[in-house]
Amino acid sequence: MSRGEGRRLGNVALIAFMLGSLLLLSLIRARFSPIGKTEEAMKAEEQQVMTKESGKMQTAYGAGASSAAEDEEEETTPTQVGGVVSSTSVAAGNKKQQAVCFETSRRSDTCEAGGDVRVQGRAQTIHVGGPLDREWKIKPYCRKTDAFALAHVKEWTLRPISAAAASAPPRCTVNSSATAFVLSTGGFTGNLFHDYTDVLIPAFITARRFAGDVQFLVSSHKSWWTSRYAQIFQQLSRHEVVDADADDEVRCYPNVVVGPRFHKELGVDPAQTPGGPYSMPDFRAMLRAAFGLERPTAAPTGDTWDIRRRPRLLIISRRATRRFMNERGMADMAGSLGFDVRVADPEATSDVSKFARLVNSADVMVGVHGAGMANMVFLPAGAVVIQVVPYGGLEWLARGTFGEPCGDMELHYLEYRIQLDETTLSEQYGKDDPVLKDPAAVHKQGWNALKTVYLDKQNVKPHLGRLKNTFLEALKLLPHGRQQRNN
Ligand SMILES: *[C@@H]1O[C@H](CO)[C@@H](O)[C@H](O)[C@H]1NC(C)=O
């Protein structure tokens, strides 16, 4: 090999290395931004994927690249993403325009149309008689940058009804005076965290202003899913939920909203809610009404029984990964501090209202980072969430998913970080292995590496003495001790 060839090869290697680094960087950025796939997302992905590695890699790169690219954009810049233009460019041109598609956040698009609306569910087509300048396409699920989630979400079309059109619009077979609301329960549903953050909270944000006079047209409908959350749908709508993809009717409405609005992870931004400000406490009040939850706040009520009631600590169990290895010991220790202790696994029941009542009865909820933590939506205000963060530099993930949403839910948030002597990883890897010594190096290998090692292979055994301090801290945050003598 000549020197020239050697240098050329060296250059090629250098360029390849730089490209690789760029790709990695964009992936890592995507993971660190809340828009990237979460651990739960990946879990749901695993459950759903039938395609093997190649498909997965493509998804990960696709999602990573688009999320990273979006970071560069100003939120207010009109953008054309997936055929939907943000409201600024559409609405500004013509204030009277009744049909509009816009980006409600980096995670979702919404189209709203009024006038003569005819929905053909089986064809995922909505014929719009009001002003609509052209055909629009939209996927009504709040993960617009996530190629994998969207692969499981059907695309809907809004089509103008015009005299010039080759075929006449279909005749109405059902007339309704409600607003139609098209959403999808494809994507990552089935994972508790995604159920709330991708669908239920966005549906609340979108539908609440109609005060029940709204009909949910659900695409990628799964009957077990809609029946699991039937009580929530009943709070938001007094009309039956329609399995849209299987619907042969031509349903006619005066208005339609396609695609729920997204604000933030497990949250509602009152400054952006349509039809007046409402917030996460309103969402939680709706949940209490839906499931008959008795405690709006953790403060003991005036009656004698309740004053003497010990504060309840609920340990969220996990079965497969990120298990507590010493649940029994944890429970005994908490009991010795004066807690009334309960241990429960949310995945072991499909009865949401039963589990919701248990969570609502708790004053402290402790669990390892994972979808089950989403049960915090049922906790009374003033309760304490303790998130146990597995070993491996996962604080950013833990905070983005469950830590930050606590504030708007009026919950206290404490973190317990698993250290080297508390993780089963230290039994699986040598003490000089990068997995134990240098988690950042594993993070650099991308999401799949991080997830495989720190989320899938790890169980935890919190040091009881150290955990006790966190439990005591939680106790101090509760209203129980403070009010006991005054009442
Ligand atoms: C629905 O309303 C339209 C317009 O008022 C009417 O022509 C049509 O017959 C109605 N269809 C049904 C099934 O009630």
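Predicted model: local features only at pLDDT ≥ 70, side-chain atom pairs only at ≥ 80, totals over all residues.
1. Gln124 sits in the loop that joins strand S4 (108–120) to strand S5 (125–128). Gln124 is not a glycine, yet its phi is positive, near 50°. The residue counts as buried because it has 22 C-beta neighbours inside 10 Å, and the cut-off for buried is 20 or more.

2. Leu266 is placed in the loop between S12 and H9. Its 23 C-beta neighbours inside 10 Å make Leu266 buried.

3. Gly276 belongs to the loop between strand S12 (250–258) and helix H9 (280–291). Is Gly276 buried or exposed? Gly276 counts as exposed, because it has 8 C-beta neighbours inside 10 Å and the limit for exposed is 12 or fewer. Along the chain, Gly276 and Arg208 are 68 residues apart. In space, their C-alpha atoms are 9.9 Å apart.

4. Now the overall make-up. The protein has 20 helices and 17 strands. It has 487 residues, and 44% of them count as buried. Take the contacts with a separation of 6 or more: residues 24 or more positions apart account for 76% of them.

5. The largest nonpolar core has 105 residues. Val256, Val364, Met365 and Met376 have the most contacts inside this core. Which helix gives the largest share? Helix H6 (residues 192–207) does, with ten residues. Domain 2 (85–276) and domain 3 (304–483) both give residues to the core, so the core lies between them. In soluble globular proteins, nonpolar side chains tend to be buried together.

6. Setting aside residues up to four places away in sequence, Val256 touches Ala113, Val117, Val119, Ile126, Thr179, Ala180 and Val182. There is also a second, separate core of eight residues. Among them are Tyr141, Phe148, Leu150 and Val153.

7. Thr185 is in the loop between strand S9 (179–184) and H6. Thr185 is buried because 25 other C-beta atoms lie within 10 Å. Which residues does Thr185 contact, leaving aside its neighbours within four places in sequence? They are Val199, Val218, Ser220, His221, Lys222 and Trp225. Val199 is 14 residues from Thr185 along the chain, and their C-alpha atoms are separated by 7.1 Å.

8. Pro390 is in the loop between strand S16 (384–389) and H13. It counts as buried, since it has 25 C-beta neighbours inside 10 Å. Neighbours within four places in sequence aside, Pro390 is in contact with Arg322, Val368, His369, Ile418, Thr423, Tyr454, Leu455, Gln458 and Val460. Pro390 and Pro462 are 72 residues apart along the chain. Their C-alpha atoms are separated by 9.9 Å.

9. Helix H13 spans residues 395–403. Its buried residues are Leu397, Ala398, Thr401, Phe402 and Gly403. Where do they lie around the axis of H13? They cover an arc of only 160°, which puts them on the same side of H13.

10. Finally, the ligand. Cys172, Thr173, Asn175 and Cys252 are the residues around the ligand. By class, this shell has two nonpolar and two polar residues. No charged residue is part of the shell.

How values were computed
Residues numbered from 1 in each chain as written. Near = placed C-beta within 6 Å. Nonpolar A, V, L, I, M, F, W, Y, C, P; charged D, E, K, R; others polar. Core = buried A, V, L, I, M, F, W, Y, C linked by C-beta atoms within 7 Å. Helix = DSSP H or I, 4+ residues; strand = E, 2+ residues; numbered from the N terminus. Domains from an automatic or database assignment. Contact = placed C-beta atoms within 7 Å. Arc of directions from axis to C-beta.
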